[in-house]
Amino acid sequence: MADHKDQHQQQQPHGSKREEEEVITTFSPTIFSPKSFPRRRRIKYCGIVIALVLLQIVVLGVLCLTVFRFKDPDIKLAAISVENFTALGTSTAINMTLRAEIKVKNQNWGKLKYDESLLVLSHEDIPVGQGTIPKGSIKMRHSKQVSVSVEANLDGRSSSSSDISSGVLNLKSYAKLSGKVSMVGLVKKRRSGEMNCSLTISLARQAIQDFHCQ
């Protein structure tokens, strides 16, 4: 009698394990069977995903061509001053240092990284000095002011003109800033902006009399 009871206790766990296996076997094929996820429904869901991706691409393309289209940086001469001025003897040779404040505006909906450039001064189309505009970056829809020191040297030949004899020195300044605009971190394109300005220096006061930009 005791032996029969022990055999019954030993067989009972084995039977419950077999029942669990039957339950798993019964439900597993149902869960992972292709019939549980019909082919039409799979095609439908894939079509929805593809349509959403294509819609995002189209929307992004339209925005890049309209609101987010690439624009050139806007460069302006915000201020300029004479720091050092030296007239050599009785000749018309002049050495001077100018401090120019250049305002660069990034009009894009993306970050602008611009390269190192030059600000060139000329007198009657003859270059007389230049200063370096260091490379940098500007956040989207932001502006940045850059300070540039320009050394200018006019010898007697390049400065022997009617404007100097009248007590003023007329100069022109030119700068071109080039860089790369990055839209949403994916689309990149090079853009560049130019600055053309004219300035008049009073020789008597050794200071800027007037300046304007195109």
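**Entry 1: the layout**

In what order do the elements of the protein chain run from the N terminus on? I read them off as α-α-β-β-β-β-β-β-β-α-β-β-β. That gives three helices and ten strands; here helices (H or I, at least four residues) and strands (E, at least two) are DSSP runs, numbered from the N terminus. I noted that this is a predicted model, where local features need pLDDT of at least 70, side-chain atom pairs count only at pLDDT 80 or more, and totals for chains, interfaces and linings use all residues. Residues are numbered from 1 along each chain as its sequence is written, and side-chain values use heavy atoms, with hydrogens and water left out.

I looked up burial next: 29% of the 214 residues of the protein chain count as buried. Buried means under 20% relative accessible area, exposed means over 50%, and partly exposed lies in between (1.4 Å probe, protein chains only). The accessible surface of the chain comes to about 14500 Å², with 55% of it belonging to carbon and sulfur atoms. These areas come from the Shrake-Rupley method with a 1.4 Å probe, and for residues only the protein chains shown count as cover.

Contact means heavy atoms within 4.5 Å.

**Entry 2: Tyr174**

Is Tyr174 buried, exposed or partly exposed? Tyr174 is partly exposed, because its relative accessible area is 31%. I found Tyr174 in strand β8. The C-alpha atoms of Tyr174 and Val120 are separated by 5.3 Å, although the two are 54 residues apart along the chain. Besides Val120, the contacts of Tyr174 include Glu194 and Met195, leaving aside neighbours within four places in sequence.

I finished with β9 and strand β10 (residues 207–213), which pair in the antiparallel sense over six bridges. Two strands pair if DSSP finds at least two bridges between them. Ser198 has His212 in β10 as its bridge partner. Four residues lie between the strands of this hairpin, and Gln206 takes a positive phi near 55 degrees.
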